[in-house]
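Take a walk through this model, one site at a time. Keep the sequence and the coordinates side by side.

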Amino acid sequence: MIYFGIFITIVLFFIFKEIQSKTAWLILNPILLTMLLIMLILISSESSYENYAKSNLPLTLLLEPAIVALAIPLYKEFIYIKSQLKNIIISCTLGVFSSTGTALFIAYMLGADNQVTASVAPNAVTSPIAMTLADSLGGIAALAAAIVILIGVLGAIFAHPLLKLIGVSDKAAQGLAMGAACHALGTARAVELDSKIGAFASVSLIVSAVLTSIILPILYPLFMNVLNSF
Amino acid sequence: MLKYFTSAIIILACLFAGKLISYAFNLAFPSAIFGMLILFSLLMTGIVKHHSVLACSTPLLKYMPLLFIPTLVGLIEHLGLLKDNLMIISLSVTSSCIVTLAVVGLIFQKLNKSAL
């Protein structure tokens with residue numbers, strides 16, 4: 001029975017992926033649907049998460065090597081954006097401060113505890129990185145990843161109209177903003193919209209992820225100290 | 001077969017080096033991201049050629065969502081926490097997303113215009 005857990009993860013994921021590519025509806029996110037269905041299966045069959053997690057260990061162990069492999073797209077994009085590097089880094093750094101700062105500030109003001117604030121802080125980066133960051137700050141990896149994916153689904157639908165509404169008409173700027181705020185799902189949508197928007201979205205997806213990983217572990221303790229001292 | 005072996009060794013070596021640094025300096029920085037930065041600097045300096053990593057990196061990147069679904073399902077153990085904090089989480093995260101979209105979009109647009 002030990003193989004059943006990993007079996008349903010793989011099978012359900014590919015089924016939902018197939019359904020999404022057939023319908024092309026952003027809301028039918030295969031990651032989200034697979035997660036929900038497995039949770040339902042576990043609850044209704046009264047199985048423990050622990051056993052399911054054990055069965056899936058081969059997949060979980062591959063996540064860290066996959067994060068290392070993200071160096072490849074970073075390297076490829078880097079050649080492409082060299083000329084605009086300075087402006088991109090400035091914008092994305094400010095983006096990282098606003099995404100982590102706003103989330104931390106509001107969560108703290110509304111009285112969230114450390115587990116929650118540490119899980120909402122990395123909401124703008126791609127899920128595997130948000131998971132490792134939340135975990136290292138004392139948050140809950142699963143919660144951080146779920147938040148990231150929900151934001152991505154919403155962002156993919158609303159980000160582009162919102163940007164046009166506030167007067168961001170430059171395609172490069174639209175792409176950069178979508179990659180910085182809505183990570184992979186925002187980027188996937190950006191690629192659909194326009195190739196230039198897509199290229200800048202994938203650049204900022206990866207640049208923001210790296211910048212967040214550097215900034216957040218330093219910013220988080222500082223921020224909490226300042227807020228706690230009031 | 002050899003190319004899978006080589007690329008796996010390169011990726012695992014970078015991950016291991018990242019873990020070693022994190023452990024040695026006792027850093028909060030996630031070690032896998034350290035590993036990514038190490039691989040990135042090896043690619044930039046030309047010590048590692050990017051096609052020598054592709055055999056393993058391509059499938060890893062392609063199926064990355066599959067790799068974190070098991071951890072994501074772990075949310076099942078924190079449903080109470082999620083329910084109690086649903087308001088806080090949705091408010092802080094949606095405002096964070098909107099502010100970030102506006103900040104990055106408007107600033108980059110302005111920087112680009114002044115450069116022209």
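**From a chain contact to the cysteines**

Tyr49(A) touches Leu42(A), Pro70(B), Thr71(B), Val73(B), Gly74(B), Ile76(B) and Glu77(B), leaving out residues up to four places away in sequence. Contact means heavy atoms within 4.5 Å. Tyr49(A) sits in helix α3 of chain A. Helices are DSSP runs of H or I with at least four residues, numbered from the N terminus. With 17% relative accessibility, Tyr49(A) counts as buried. Buried means under 20% relative accessible area, exposed over 50%, and partly exposed in between (1.4 Å probe, protein chains only). The C-alpha atoms of Tyr49(A) and Gly5(A) are 9.7 Å apart, although 44 residues separate the two along the chain.

This is a predicted model: local features need pLDDT of at least 70, side-chain atom pairs count only at pLDDT 80 or more, and totals for chains, interfaces and linings use all residues. Residues are numbered from 1 along each chain as its sequence is written, chains are lettered from A and ligands numbered from 1 in the order in which they are written, and side-chain values use heavy atoms, with hydrogens and water left out.

Move to helix α4 of chain B, residues 64-73. Here 10 of 10 residues are buried. Among them are Pro70(B), Thr71(B) and Val73(B), which also touch Tyr49(A).

Back in chain A, look at Glu46(A). This residue lies in the loop between α2 (30-44) and α3 (49-55). Most residues other than glycine have a negative phi. Glu46(A) is exposed, at 74% relative accessibility.

Next, a helix pair in chain B. The axes of α1 (residues 2-25) and α2 (residues 31-45) come within 7 Å and cross at roughly 125°. Axes are lines fitted to C-alpha atoms, for helices over the stretch in contact, and angles run from 0 to 180 degrees between N-to-C directions. The two helices are therefore oblique to each other. Angles under 35 degrees count as roughly parallel, over 145 as roughly antiparallel, 65 to 115 as roughly perpendicular, and the rest as oblique. Residues of α1(B) in this contact include Ile10(B), Cys14(B) and Ile21(B), and those of α2(B) include Phe34(B) and Leu42(B).

What about the cysteines? The structure holds zero disulfides over all chains. A disulfide is a pair of cysteine sulfur atoms within 2.5 Å. Cys14(B) has its closest cysteine sulfur in Cys56(B), 12 Å away, too far for a bond. For Cys97(B), the closest is in Cys182(A), at 4.0 Å, also too far. Cys14(B) is buried at 3%, and Cys97(B) is buried at 8%.
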